[in-house]
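Subject: Structure handover and findings

Hello,

Here is the structure you are taking over. My notes on what was found in it follow below.

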Amino acid sequence: MSGDYLSRVHDLVQKRKKIVIGLLGVVIVSSIIGLKFVKYNNDIEIMLPQDADVQNTMHFLREANFSDKLVISLKLNDELHTTQDLILASDQLAASIRSSPLVKQVISNVSAGNVPSEMISFLEYAPQLLGPESLSKIDSRVTPENVKERLKFIYRQSLSPGSSFLMPFLRVDPLGLFSGILHDIEHLSISSSYDVVINNNHLISRDGRHAMVIVKTPVTLTEGFGARKLVAYLLRELKIGLPEFISGDIIAGHMHTVSNEDVIKKDIRLTSIIASFTFLALFLFFFRDIRAVMIFLAPLAAVAIAINITYLVFKNLSYSVIGMGTVISGISIDYGIYVYMAVRKAGGSQETIRRVIRPVIFSALTTIGIFSAFFFSSIKGYHQLAFFSNLSIILCLMFSLFILPHFLSQQKRSTSASAVIKPFWPFKIKLRDSQCIFCWVAILAIMLMAGTRLRVNNDLVQFDGVSKEVVSAEEDFHNVWGGKVLPAVLVVPGKTLEDAYQNNADIYETAIKNIGKDKFTSFASVWPGPDTRKANVLRWQRFWSVKLEGKIRNLLTNHGKVYNFSQDAFQPFFQLLHSASAILQDAKGLEIEPKGYTFFDNLKEQYVVEKGDGYQVLSFFPDEDKYIARLSAISKGYLGAFIVSRKNFSNIVSHAFGSELILLSVLAVFLTAALTFLLVRNIHLSIIVLVPVITSIIMIAGVITLAGLAVNISIVIASMIVIGIVSDYGMFVVHYCRYEFKTGTYPAVTFAAVTTFIGAGALLFAHHPILFSVGVTMVTGVLSGYLASVIVIPALYRLWIPVKGYTR
């Protein structure tokens, strides 16, 4: 920036100081008022990579049947009341919460329907459901010996107390040919359910002390604000709607969403209080100048203005991005400190501003370069972060250079400033430059060796800072109801329901051959696709010849006489044999799915998801690496099919984030190095400027390892921010070493580091794992970068740079 331009801007502000202050005040007040109208987005998807697998999983979680469900577990707390009291309380609770628009449906009791009648009727679909393997087994069963044994079994069952329940099944299936269908239905019904007992049509635990109420809601678990409103409503209803002898726990992903946000907010309040009191003590006891408050207010004003402008550009803002405001304030405050210390040390003349403006702008540019790297990410939230951060930095930079000096310019130079700063400059140990460099290299070597054992943690569970109350409630729930180990899900799509059923049937046949039928629970085992069912019907019709039918009829009749079975005792079975012909002769063809079966509708609700653009059929399997690997390979052969599992999702997200962050980290380091070289225009000086950056990276790696932590996404992002911060320190100290301007560089760097250290150090008191890991990273990086700036850079500069070549 030329001296003439600076002079014109400086003079213009000075001449119209009142107007500038007035306009600035209007803008700031308007921005503060505007914050009330800013719409925030708490959806976590905006902060996830635009990877196809990640997006598929998130869309599935948002649209799947279970993503909009909450489970309320009610518990009897004394021995004086009975299960009937529990049932009555669950009905009353269900009635009280149904009226809210936050609740779509409440299930406190179930209608079992006429199960025996439905099952018998459903066997009419046997010709569509039995494949070639089932037909091959029939031949082996149609022998006199097998028929005798089977009829003997039927006779014994007819004499048992439960004969009225069993005999209708045995009449329609005397040879046990269709038992596989009933077994598949039973397996499908219990595979994804909790351990419940139906008592008076209510979901009751086996000990009779707990009842389950299922709540369906339009609020999905990824909707932060909606989840908070829903949870608050249900907790209020539990408090006022249950008698004293019954307690209730809410089990849902919504609880994790709300609890994580509560923990973070609590941590932010705690760290803000700690940081505010520390900042206040810093300004009261060391600056001792009321005007220094402007240094603290400038970043806050810049952030307020930047939030409004960012909202106008992006239409809505991520709650996570705005949460970075405190970090941005900590970075931006450095520029005001540099200018303040220069004016306090050398006066508020244009010459003073001219001397400090170059390192201030250079430092801001390197930091802007770091955040600009986020524009190259596929994560939409990072684009907001880059825009918001850079705009805040630019605004604070302009305020520091063109506004702040005019509030300080009338103040005379004061030796008290230097006196106040002295306690912050404790480095009086006299070491030779070579000894200093040797110690620095030795420390870095030790930390570098420690850093070679650095671990990477890909598990997303580490970011779940849910409260102890939620964890305890979930443990109690699983101890009572089971279901602690969740299966993985294979999702098969289709544009129509017929397509979805057929695609699911195709992938089912391949899947069970690879991992076994007992490991793969699929809706296709009960209801295959239309092509499969039609092929089964044709095969059935060819299989059941008149000769085979006559053979079975004779065997049943002849051997049934021993037990006095009538000739038409098993007529329902023979009627079923001819149902295939009726199906093929129907002009409408095969049904898409059975109608009027309660059990089928219940199963469909669990396994079929209707979307706006089609359907998805779900299959479940153990969430283990070997099964995930095999089924992932299979799913690639079917368009749109994908796997959802906690393990797999963690790997996918971490891999996607890893790819993103590797690119961004390399880009950030490159931009920092390139901008540094372009600004100082000397390779030796550029390397010296980057000494704090190199030191911070190595120290972070070593300390993270020694602290028993593992590298995660938040640590990488925090490290990138540290690079931008400590590169400022290096730029200022090198500029001082080169020109030796008496602008209070060392005190300014010290105060800047202290303010950042205060903000980052407060995070060490946080309970949320993300904030704590960020605190460890930033404290380590800022402290080591600062020490490298004020100790190593001067020594390295004197050893490496010829003095005569770099005089003023």
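Ser400 is buried, at 1% relative accessibility, where buried means under 20% relative accessible area, exposed means over 50% and partly exposed is in between (1.4 Å probe, protein chains only). Ser400 sits in helix α17; helices (H or I, at least four residues) and strands (E, at least two) are DSSP runs numbered from the N terminus. Not counting residues up to four places away in sequence, Ser400 touches Tyr335, Gly336, Val339 and Pro405, a contact being heavy atoms within 4.5 Å. Ile333 is 67 residues from Ser400 along the chain, and their C-alpha atoms are separated by 8.9 Å.

Before the rest, the basis of these values. This is a predicted model, in which local features need pLDDT of at least 70 and side-chain atom pairs count only at pLDDT 80 or more, while totals for chains, interfaces and linings use all residues. Residues are numbered from 1 along each chain as its sequence is written, and side-chain values use heavy atoms, with hydrogens and water left out.

Gln384 is also placed in α17, which spans residues 380–408. With a relative accessible area of 3%, Gln384 is buried. Setting aside neighbours within four places in sequence, Gln384 is in contact with Ile46, Thr310, Phe314, Asn316, Leu317, Ser318 and Val321.

For the chain as a whole, there are 33 helices and 13 strands. Of its 808 residues, 52% are buried. Among contacts with a separation of 6 or more, 83% are between residues 24 or more positions apart.

The largest nonpolar core has 122 residues, and Tyr338, Val360, Phe374, Tyr382 and Tyr729 have the most contacts inside it. A nonpolar core here is a set of buried Ala, Val, Leu, Ile, Met, Phe, Trp, Tyr and Cys residues joined through side-chain atoms within 4.5 Å. Helix α31 (residues 713–739) supplies the largest share of this core, 17 residues. Another core, of 56 residues, lies apart from it and includes Leu130, Leu175, Tyr501 and Phe642.

Next, the strands. Strand β9 (residues 488–494) has 6 of its 7 residues buried, so it is largely enclosed by the rest of the structure. β9 pairs with strand β12 (residues 614–621) in the antiparallel sense over 7 bridges; two strands pair if DSSP finds at least two bridges between them. Ala488 has Phe621 as its bridge partner in β12. β9 also pairs with strand β13 (residues 642–644), in the antiparallel sense over 3 bridges, and there Val489 is bridged to Val644.

Leu203 belongs to strand β5 (residues 202–204) and is buried at 9% relative accessibility. Beyond its neighbours within four places in sequence, the contacts of Leu203 include Ser108, Val110, His210 and Trp481.

Last, a helix pair. Helix α30 (residues 691–706) packs against helix α33 (residues 769–800) at an angle of about 140 degrees, with their axes 8 Å apart. Axes are lines fitted to C-alpha atoms, for helices over the stretch in contact, and angles run from 0 to 180 degrees between N-to-C directions. That makes α30 oblique to α33, since angles under 35 degrees count as roughly parallel, over 145 as roughly antiparallel, 65 to 115 as roughly perpendicular and the rest as oblique. The residues of α30 that meet α33 include Val691, Met699 and Ile704.

Regards
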